[in-house]
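Subject: Structure handover and notes

Hello,

Here is the structure that I am passing on to you. Please open it beside this email and follow the notes below.

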Amino acid sequence: MLDHPVGAGGDGPGAGRASLGARLMRRKPVERLIAESGQGAGGTLRRSLGMWQLTMISIGATLGTGIFVVLGEAVPEAGPAVVLSFVIAGLTALFSALSYAELAGTIPVSGSSYSYAYATLGEVVAWVCGWCLILEYGVSVAAVAVGWGQYLNELLDGTIGVTIPTALAAPPGEDGGVFNLPALLVVLLAMAFLLGGAKESARANTVMVGVKIAALLLFCAVAFTGIRAGNYTPFMPLGMAGVSAAGATLFFSYIGFDAASTAGEEAKNPQRDLPRAIMLSLFIVTALYCLVAAVAVGALPWRRFDGSEAALAGIMESVTGHSFWAVLLAAGAVVAIASVVLTVLYGQTRILFAMSRDGLVPPVFSRVHPRTGAPRANTVIVSLFCGGLAAAVPLGRLAEATSIGTLFAFALVNVAVIVLRRTRPEMPRTFRVPLSPLFPVIGFVLCVWMMKGLEPVTWIVFGMWMAAGLVLYFGYGLRRSRLATAEPAPAEK
């Protein structure tokens, strides 16, 4: 059954003859989203992931960037109060995570917030959300991969005394960097795992997550011996404005918690397990972030955090006077960042899979290999694009724009919860946001507040990205949308 009459924004053949406004706001029925779950051209995604694996995917996509890469940039903005910045960013993420948990249990599909917006806010809003997710996931893969080379050189230098030349290991355009070879290699390694299928990728990720949690706990144990009380004073040298600015920077570190929602069509029991995985992963990650940050600023005066992307390894060596511990931490960081690349790249491919199945992007992204149950062409295309972006293109402000894209998508998810509660109150929900609509409204306001704190140039880059996305939508997606053509999902043909 259709949610709307034909010609009034529904999904019948007459939808293409409706007014432009009705076509832009047509919604995809929740029942159709669920019925098409897993279906792709040539095969179907396989349901092989349990709650623990989903939690590890979420942790894998989240834990690493904020501590191993971004901490050195955030501490100079907030001083020792960077711990509060992590809490603020975590609270902002929490309210949105509650909304994600409700929608993931209600609409367990691969598209994450793109699919949630399609069911509640209309096609053009869904496209904008999906385009934000492409920015969030795709560019963050490249940005995180760039930081991988820094720790790889730390590891190589401490073990065999050899490092990759700066021209082949530094970010393009920085410190003499020309082509970041390690960044390309880590993306290709992640691609190899993903081509084997979701179950095999999840196993590899679980091992890597265990290694990076152990590495961070080891850092805390060793660096704790170097804590000096004087390093915590003044606690807030740059005021609340600095704490807020650092919080906006660190929000980039929380973008991964929604990765579990992109696995909705490969989870064994998505209605039950997705909400649990999202909430559990967010609490684990926030606790670890705050613990490591508190120990780090206690062991090293905040003014000595100079933006180094290998700050924790430097602290370990400074505290102990030996390079062994720093090398050990660098090994953990190499694994940690590889795990982030793997899981975020996974999320990117599944979002494009959902958008392709709806006809909004080319059909190549929804082709599923019948043996592995993985969207192979999708994975190869996305991996080569992200790897090339990381290796050869100076990311600059585009990397910073991932935060604003994430915040925008999260804001839409909070709105979607409120809309779905009003339009479909009878739908079964395995998880419900407490105090709704208050908590979703708070989540929305916090996202907007953090967006306002970003630099004007970031808004300019974001605006340019959105303009490019709308050109693609009006030039391709608006006419080829399966709601406009009344085509079934690929596997139904």
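In what follows, Ala, Val, Leu, Ile, Met, Phe, Trp, Tyr, Cys and Pro count as nonpolar, Asp, Glu, Lys and Arg as charged, and the others, Gly among them, as polar. The model is predicted, so local features need pLDDT of at least 70 and side-chain atom pairs count only at pLDDT 80 or more, while totals for chains, interfaces and linings use all residues. Residues are numbered from 1 along each chain as its sequence is written, and side-chain values use heavy atoms, with hydrogens and water left out. Helices are DSSP runs (H or I, at least four residues), numbered from the N terminus.

Cavities

A cavity is a set of points, on a 1 Å grid over the protein atoms alone, where a 1.4 Å probe fits but cannot get out; lining residues have an atom within 4 Å of a point. Grid points are joined across faces, edges and corners, and a volume is the space filled by probe spheres set on the points.

Searching the whole structure gives four cavities of 30 Å³ or more. The largest cavity has a volume of about 50 Å³. Its lining consists of I57, L194, A198, S201, A202, N205, L342, T343 and Y346. By type, these residues are six nonpolar, three polar and no charged. Two helices, α11 (198-223) and α15 (323-357), each supply at least two residues of this lining. The largest share, four residues, comes from α11.

The second largest pocket

A pocket is an open set of grid points with protein on both sides within 12 Å along at least five of seven lines. The second largest pocket holds about 440 Å³ of space. It is lined by 21 residues, and W131, I134, L352, F365 and F385 lie nearest its centre. The lining of the second largest pocket divides into 19 nonpolar residues, two polar and no charged.

Which helix gives the most to the lining of this pocket? It is α8, with six residues. At least two lining residues each come from α8, α15, α16 (376-392) and α19 (456-480).

Helix packing

Two packed helices are described by the angle between their axes and the distance between the axes. Axes are lines fitted to C-alpha atoms, for helices over the stretch in contact, and angles run from 0 to 180 degrees between N-to-C directions. Angles under 35 degrees count as roughly parallel, over 145 as roughly antiparallel, 65 to 115 as roughly perpendicular and the rest as oblique.

The axes of α8 (residues 123-159) and α15 come within 8 Å and cross at roughly 160°. That angle makes α8 roughly antiparallel to α15. The residues of the contact of α8 with α15 divide into 25 nonpolar, eight polar and one charged.

Helix α13 (residues 270-299) packs against helix α14 (residues 311-320) at an angle of about 50°, with their axes 10 Å apart. The two helices, α13 and α14, are therefore oblique to each other. The crossing of α13 and α14 is left-handed.

Loops and backbone

Below, buried means under 20% relative accessible area, exposed over 50%, and partly exposed in between (1.4 Å probe, protein chains only).

A cis peptide bond joins T233 and P234, with omega about -10°. P234 sits in the loop between α11 and α12 (239-250). S436 and P437 are also joined by a cis peptide bond, with omega about 10°. The loop that holds P437 runs between α17 (397-423) and α18 (438-452).

L435 lies in the loop between α17 and α18. Its phi is positive, about 55°, although L435 is not a glycine. Is L435 buried or exposed? L435 is exposed, with a relative accessible area of 56%.

S112 has a positive phi near 55° and is a residue other than glycine. The loop between α6 (82-106) and α7 (113-120) contains S112. S112 counts as buried, at 0% relative accessibility.

L360 is in the loop between α15 and α16 and is buried, with a relative accessible area of 1%. The C-alpha atoms of L360 and S481 are separated by 5.4 Å, although these residues are 121 apart along the chain.

L274 is in helix α13 and counts as buried at 0% relative accessibility. L274 and L54 are 220 residues apart in sequence and 7.1 Å apart in space, C-alpha to C-alpha.

Regards

Key. Left-handed = near helix turned anticlockwise from the far one by under 90°.
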